Amino acid sequence: MGEISQSKTILLLVYTIFFFCLPDLFLQIKREKRAKLFDAQVPYFIDLFILSVQSGMNIEQAFIGSAKRQKSKLAEEVQSVFLQLDRGVSLESVLEQLVIRIENEEWKSFLKSVIQAKKLGTSLAKILDLQV
């Protein structure tokens, strides 16, 4: 009888570890895969954005235009967040959401520069030239 309860306890322990740790492990793998994907897509998106701004587009047009020219997860994220502009959400809030949703240091630095340029009313093209 003692062997049965001991084996049930061990089995319960194994199930507990399996069902509590496995989802975290799965999410960590997905998060890392997503981060690698964005690492590859961010530089191209930023280049498109800079070209759009230098050609005379405003910030909203440059983001939306750059997202439409790309077929990528990053572009999908940008388009989905920028839909909130139609619902009355401010551009600054939309950009802050992009900082949170896409975990990439280059992306965060880029968006912080855009937000700062918008707040201070400075030329975005000049700031982006200095940053790149």
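Which residues touch the most other members of the largest nonpolar core? Of its 30 residues, Phe49, Phe63, Val78, Leu95, Leu98, Trp107 and Phe110 do. Such a core is a set of buried Ala, Val, Leu, Ile, Met, Phe, Trp, Tyr and Cys residues joined through side-chain atoms within 4.5 Å, and buried means under 20% relative accessible area (exposed is over 50%, partly exposed in between; 1.4 Å probe, protein chains only). Keep in mind that this is a predicted model, where local features need pLDDT of at least 70, side-chain atom pairs count only at pLDDT 80 or more, and totals for chains, interfaces and linings use all residues. Residues are numbered from 1 along each chain as its sequence is written, and side-chain values use heavy atoms, with hydrogens and water left out.

Helices H1 (2–54), H2 (59–69), H3 (73–82), H4 (91–101), H5 (105–120) and H6 (124–131) each give two or more residues to the core; helices here are DSSP runs of H or I, at least four residues, numbered from the N terminus. H1 gives the most, with seven residues.

Take Val78: setting aside residues up to four places away in sequence, Val78 touches Phe45, Phe63, Ala67, Leu98 and Trp107 (contact means heavy atoms within 4.5 Å).

Now look at Ser66, in helix H2. Ser66 counts as buried because its relative accessibility is 0%. Its side chain reaches the backbone nitrogen of Phe49 at 3.3 Å. Leaving aside neighbours within four places in sequence, Ser66 is also in contact with Phe45, Leu48 and Ser52, as well as Phe49.

Over on helix H1 sits Leu11, which is partly exposed because its relative accessible area is 42%.

Conventions: Polar contact = N/O pair within 3.5 Å; in protein donor to acceptor, adjacent residues only side chain to side chain.
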